[in-house]
Each structure stands twice: as structure tokens, then as C-alpha cells.
Amino acid sequence: MNILAESRTLLEDAGYTTSEHSALVPSFYFEDTSVMGVLYELASLEKLFDHWKELQDSFLATHAQQFTTAPSKAWNIYSVYITSQVADIPARSELMAIEEDFQSTRKLARAAIITRRDLDSALLPLLPIRHVPSLTAEDADEELRRRLREIEENAQLFAAETQPSEIVQRLLGDA
Amino acid sequence: MKIKSLRFSGFRGARETVSLDFPPGFMVITGRNGSGKTTVCDAIEFSLTGCLRGPPDKKEKGENFADYVWWRGDPKADEEFVALTLVDDNGTQHVIHRTPTSESGTEVLTLLYDGDVALDNPVQQIARTLLLRDEEITRLSVHLKETERFDLVRAGLGTADFTLAEEKSREVQRLLKKQNESALDEYDKARELVARQTSELSELRSLAAEAQDISEAKATIRELTSFGEGEDLILATKEVVANCRYKADAFARIFRRIQELIDRRNQIASEEYLQRVKALESQTNETRGALRNAEAKLDEVRDAFQSAQDLSPESASFAMLLKHGEGLGLQKGACPLCGKRLAQHEFESHLAELKSLLQTRDARIQDLTTKVAETETHVRSLRTQEARLIAEHDSLTHASGQIEDEFAVFQQEVLGLGTELPSLSEQTLSVLRERIEESREKASRLEKALAALEVSRLVDKINDVEGGLRIASGRVELATRRLRKLSSASNLTKEALNTIRRTRGELIERRLAELEPLMIELYQRLRPHVDWHEVRYRLRGDVRRMLSFEVGGGLNPSFMFSSGQCRAAGLAFLLALHLSRKWCKLDTLVLDDPVQHIDDYRALQLVEVLSAIRRSDRQVICTVEDRSLASLLARRLRSNEADSGSVISMVYSSEQGAHVGTQRFVQPMARRVLVGA
């Protein structure tokens, strides 16, 4: 999977505008009405751990002037670091530590991004609700009547307007 | 539909009127503890439902939470009301106005509830899924009982619950049970009747088997009586039998008496008897002779006595004279009585002689008196003896006649019984013996015939009992059939009830399957746990449904997670419910201090989730205590020209109670800063 390309598509589909970012590490910018940031694809966890802060600081320094024009939005800057390498337990903790560092930007540091689904999960904080339930229309009463009919024709009376006393008469053949 | 504005006065912590205008995007409400943030949420809930969810079942000094809905401080509030204004997509405003005693304005259900979806208490469901309260986030999610969680999800999703069908099934079950009890009772009674009549029939048949032929019995009766058809043969024959028995007894008694008469007559004809008669005649004659002598003697004695009695007055005169003469004594030598001249000694001799004469006379009278009495006694004795002898003689001599007389009486009696007695003889006894035998035999034969006729009645009785048995057996069959039908109906109802529950469960399962990706997504977004990135739900139970959560391959988060992690997981669950309720027309989410016990990292995740929710044009109202978090929310909840947001701070003063301190509208951010600027 081309992580960068897929990520751009994903964010653009979510309403972000993206743009190329010339850097040593494959990356791109993204922005919408309230959030902006940069996404880096790192070749390995090692590179991620070694360079994330450097990349963040460089990004902020590069665009410091722009950020001063929008001080409120500047609070909403994201730095996203993604690698396809799978993280072991210590590495996962280290990634979490990066995310829990609130200095400068909101950081997303994710490993084992191999599939589109992994990417989707990694970028969730930036995306709208992905799985808004589109509850299918159902005719519950008809479904129930059908199930009851399978027991016996008279059983569907339980799902009809028939009164209990009348149902009893019908079931007993008194009606 | 969104919340447009809220006004309330004298409500909860607000004494004076609080007025809030909600932007269509979001409102962040901040403030210290007790500043009135929750009062705003309470006012929204109260407007919609007319009540508040307080601490469950908590009661102190006879008061509970409901007693504190309205301002209780001092001074009293000038007004007490809550007014919520909603605005629909067309811009039309709807006001819900409540006071402690009234409700007016728009009907909440009509306004907010899509009635096509069946829900239990939809207004409560609206409030419960609209407003997520701090204290309820874990209680209504992770820590909820499995069955209650299932019900909450079912209600939240608006899936048909078939309450009516289930209640109907239960009522039918109750009615069937009642009928079954009645049918069982009828069945038992019918069985008991069958058993009783079978026993009776068996007994009657045994009796009938012992009886003779009925036609023969009737022939016997006709032979022995004059009864024809149409009569009550049994009754009439019983009378005849009684008559025969009476005759047999009477003949037997007369037989014995006649036997006695014959014996007596034989006795009269005996030598001994005749000698006795003669002896009596002789004794009678002797007695008569003795009696005549005694009577002659008595006459004699009586005559002598009479004679002696006749001399009695003379003797008395002599006695007086004697006494007088003795008194006078000789008078000049002459007897004073006779004048005769006497010597003294002669005179005295004369007196002595007179005295002796008088004494002799008295002794004789005395003697005669005794003799008369003795003779009279003797005469009476002889007369009695004579009478007795005559009577005895007469008795002996008249006995034969008496026997004839008595025989005549028996003849009359026997004639009354329809028989003639020829004479007092052995022949008569023979006749009587025949009659006795005849009567007894007739009675016996009639009795047998009667018994046979009684059997004919037995046959009728058997027929009756057989008919009754057939009816009773029919009743048993009917009752059995009824019980079979009831059993079948009961099974069907039970199966229907299970089907209703299963169908409901399956529908909710389908709904849950549709909801699961959203739940997982929200869980992933909130990241309660560093390793377990996914939560799964698990449904258990066929009829009684239970919904549980699982993380990390079957672990229960309610026992694994810290309170902060539980809260994050619970928020994922409740937000998923909120977002999936298509039946509610109100596009507003209210969160009352959702970040307590949540660390900064997860608070940030929540803010991002709310930001994502805001992307779908949903109105978000959120109270938080922390000002920086409030600022973060204001920046991330995406205020724009169409859906702006604001931040207000609530403050509390003793005079006003809770009131709005400041309100700041959040300006939309610059569109292009980094890309394409």
C-alpha cells in the first residue's frame, strides 16, 4: 500500500485540502476549517523515534509566520508519523509517549500501518465519524407475523389486533 | 431540530432568570463547582421530560431529589419556570414551557419522536440518549447489568420490542392456565363419575345374574292372583304375599287352638272325668244334707234364743223387785213383795232363790247367743261349699258345650279367611294344615316371582346406569380432548412467546451488528487502553438477552479497567447509541462534565471525537470545569459561519444563585493557513 497516497486520499475524502511537502521524509500537508498539519511516512520505527521531534520543530519553524496569522488555528496543528513497521511492546509504549507529549503539536505516532484499515484507524482523530450506522428499514411487525405463522397460522394472532380472550377461543377452536 | 434557547428561573441552583442562546454549532459551558453548569443540563432535561434523573432511590428525612427541582434557597424566587426553545430545519421555533404545576407549549413527543418506531417511554429515551451525564456515563454503560444494558441498547436503537405481543401472550397463557384448571376439574369429576357408575353397574349385573326369568315370574303371579296387565304387579303381589303370610299365621294359630279344643273334648269323655263328676254330685248331696241339718239346728237355736229373750223383761222386773225387796227387808214380818208373812230366814231364802233364778236365766241367754253365731257360721260354710261343688259340677258338665261354642267362633273366623271347618275333628285339623301349607307355598312362590320382577326393575336400573356411564365417559372424552387442546394451545403460546422474544433479540442483534463498527470506531478513537484497541459486544441468552463487552479476547472491561478507562469505554458506547438513534429528531448532544477522572490524553481524544461528531452538523453542548479544556473544545468543535459556537462561564452568587457570567462567541478560523494560502 502506498501509505502517503492512501493517506492523502483518505484525508481529502474527509474534506481536507492537501499539498505536497518537499522534505527528506515522504510527507504532505493537510488542512481544513479548524485543523491543519503534516503527515510523515517513516521507513522504520527507528527513524520515527529518531526524527519525529526534529521533523516537528522543522515544520513549525518553516511555517511560523503563517501560524502567527491564525493564532487560534495554530493550536490545532497535527504532526502525524506513520510507519509500516510493526511495533513490539516497548515500541508501542514509546509511540504512546510521543502522542502523550502535548508540546507544540498534537502528535499521532502509529506503527504497523499495512492496510487501508490500519491507516483508517491511525488517522481517526482527523476524520469524521466513519461508521455512521445506516440502520436498515425494517418491518418488525411483518417479520414477527411471518415467524409466528411458521409455528402455526393462529400464532400470528399474537401480533395482530386480536384480543387475548379471542385468541384463546381461536386456539381452542371455540370461536 | 436543535436547541435555540433556554430560560429558567427558580429552578435548581438558579434563583433569578437565566437566559441562554445556543448557537447551532456548539456551546461549551464552563465554571467552578456549583456554578450552575449542571443546572443548565437539568433544565434541558426537565423541559423535555418534566422530571429529573436524580440519585436513584435516595431518600432522606422524607425528602428525595424531586423535592429539590425548584429553588429552595432564601430569598424565594420571583418566578419558577423552565422554557426551552427548539428550532427545526425550516427555522420554525417550538417552545416547551414548564412550571411546578403546569406544562404548556409544544408536545415533546410530537416534536421530537418519530412515531413509526415503537419505543417504551420515548420521552425518557430521548432524554437518556440526548444527555450524557458525568455520573451516569459508566453506570449506564460498562457497569450496567447485562440485561439492562441490552434493554438500553434496544430502546436506544428504537427496535420494536413487541411489548404488546408479549403482554398478549402472557395474558393468553394466564387465561389458558385458568381454563386448564377448570378442564382438569371437569376431567376429575367425570372420571370419578365413571368409576362410581362402573362399580354400580357391576354390582347390578351381579344381582341380575342371580334372578329367574321375568316371564315365568309374571305367569306365576297371574296363576296365583287375579292381576292383569296394567297393574302395578309388584305392589299388588306384595299385598297378596302379605295376605298369604297373614292367613298362614292365622290358620296356624287356629290350628293350635282347635287342637286344644279336641284335646279338651277327649278329656271330657274320659272315665276319670266322669268319676269326678259323680264324686262332685255325691259331695254336693252330702253337703246339702249337712246344710239342711245345720239350718234346722239354727232355727232351733234361734227359737230358744228368742224364748230366752222373751223372758228377759220379766227377769229385769224381778231383779228390780229383788233389789227393792232386799232394800226394804221384811215389813212387820211380812214380805214387802208378796205380803206373805215370813220369817227372816225364809225371806232371805226366798230372795236367794230368786237371785239364783235370775242368774240362771242370764247364763242361758249368753249360751244361746254363742250357739246362734256358731250355727250361722256353719250354715254359711256349707252353703259356700255347696255352691263351689255345684259350680265345679256345672263346669264339668257344661265343658262340652263351651268347646262347641269356641269351635263355632273359630269356624266364623276361618270362614272369614275363605275356608269352612266341617266339625271339631281331626278332619278339621287336616283342612287347616292344608290351608297353612297352601298359604305358605303361595306366599313363597309369589315372593320368588316378586324377586324376579324386582330384577326387571334392576334391568331398567342397569339401563339407566349404562346410559349415565355412557354420558360420563363422553364427558371424560370431552374433558380429555379439551385438555389436549389446552395443552396444544399452551405449547403454541409458549412457543409464540419465545418466538416473540427471539425475534426481538434477533432484530436487536441485527441492529447491534449494524452499530458495532461505530462502537469499535469510537472505542478506537477514545483509546481507553494502550494494547486493546478494539471492544466487542457479546450477546448471550436466547429469551432473556444479555449484552456484555469484551476486550483483548474475552476479557471483561468492567473488571479490568480503571474508572477513567471505564468512563472512556462507556462514552464510546453511549455516543454510539446517541449517533444511531434515527427515531429522534433532535440533533443535539449534551454532555455534562464528561471528562472527570479522564487523563489529558483521553480528554483530548474525546474532544477529537466531539469534533468528528460536529462534522455531521450536530449541535454539541458540553459542560467542563477546566477552562483550558473549555478553550480546547472551543477551538476543536469547528465553529463556522453556518454552525457557530460559543463559550459561556457560569458563576454563582448568593443573591442570584447560578447565572451566566460571560459569553463569548467563537469566531470561525482562517480557512487557508497552511495549504493554498
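A nonpolar core is a set of buried Ala, Val, Leu, Ile, Met, Phe, Trp, Tyr and Cys residues joined through C-beta atoms within 7 Å. The legends below describe close-up views of a predicted model.

**Figure 1. The largest nonpolar core and the contacts of B:Ala572.** The largest nonpolar core holds 131 residues, of which B:Val28, B:Ile44, B:Met519, B:Ala572, B:Ala576 and B:Leu633 touch the most other members. Helix α13 of chain B, residues 563-580, supplies the largest share of this core, with 11 residues. Leaving aside residues up to four places away in sequence, B:Ala572 touches B:Met519, B:Leu522, B:Tyr523, B:Leu526 and B:Val535. In soluble globular proteins, nonpolar side chains tend to be buried together. For context, chain B comprises 15 helices and 15 strands, and 34% of its 677 residues are buried. Of the contacts in chain B with a separation of 6 or more, 75% are between residues 24 or more positions apart.

Figure 2. Buried positions in α5(B) are B:Ala165, B:Lys168, B:Ser169, B:Val172, B:Leu176, B:Ala183, B:Ala190 and B:Gln197. An α-helix has 3.6 residues a turn, so residues three or four places apart point the same way. The buried residues of α5(B) pack against α7 (140-151) and α8 (164-172) of chain A, and also against α11 (426-526) of chain B.

**Figure 3. The side of chain B that touches chain A.** In this interface, 52 residues of chain B are in contact with 53 residues of chain A. On the chain B side, the elements that give two or more residues are α5, α11, α13, α14 (600-614) and α15. The largest share, 18 residues, comes from α11(B). By residue class, the side of chain B that touches chain A divides into 27 nonpolar, 9 polar and 16 charged residues.

Figure 4. A cis peptide bond, with omega about 0 degrees, joins B:Asp74 and B:Pro75. B:Pro75 is placed in the loop between β5 (63-64) and β6 (81-87) of chain B. In the loop between α9 (312-328) and α10 (344-416) of chain B lies B:Lys332, which has a positive phi of about 55 degrees although it is not a glycine. B:Lys332 counts as exposed because it has 6 C-beta neighbours inside 10 Å, the limit for exposure being 12 or fewer. B:Arg638 is also a residue other than glycine with a positive phi, near 60 degrees; its loop connects α15 (627-636) and β14 (645-653) of chain B. With 26 C-beta neighbours inside 10 Å, B:Arg638 counts as buried, a class that requires 20 or more.

**Figure 5. Strand β4 of chain A and its two parallel partners.** Strand β4 of chain A, residues 77-83, is mostly covered, with 6 of its 7 residues buried. Strand β3 (residues 36-42) of chain A runs parallel to β4(A) and is joined to it by 7 bridges. A:Leu39 stands opposite A:Val80 of β4(A). Strand β5 (residues 106-110) of chain A also runs parallel to β4(A), through 5 bridges. Here A:Arg106 in β5(A) is the bridge partner of A:Tyr78. In a regular strand the side chains alternate between the two faces of the sheet.

Technical notes
Residues are numbered from 1 along each chain as its sequence is written. Chains are lettered from A and ligands numbered from 1 in the order in which they are written. This is a predicted model: local features need pLDDT of at least 70, side-chain atom pairs count only at pLDDT 80 or more; totals for chains, interfaces and linings use all residues. Helices (H or I, at least four residues) and strands (E, at least two) are DSSP runs, numbered from the N terminus. Two residues are in contact if their C-beta atoms, placed from the backbone, lie within 7 Å. Ala, Val, Leu, Ile, Met, Phe, Trp, Tyr, Cys and Pro count as nonpolar, Asp, Glu, Lys and Arg as charged, and the others, Gly among them, as polar. Two strands pair if DSSP finds at least two bridges between them.
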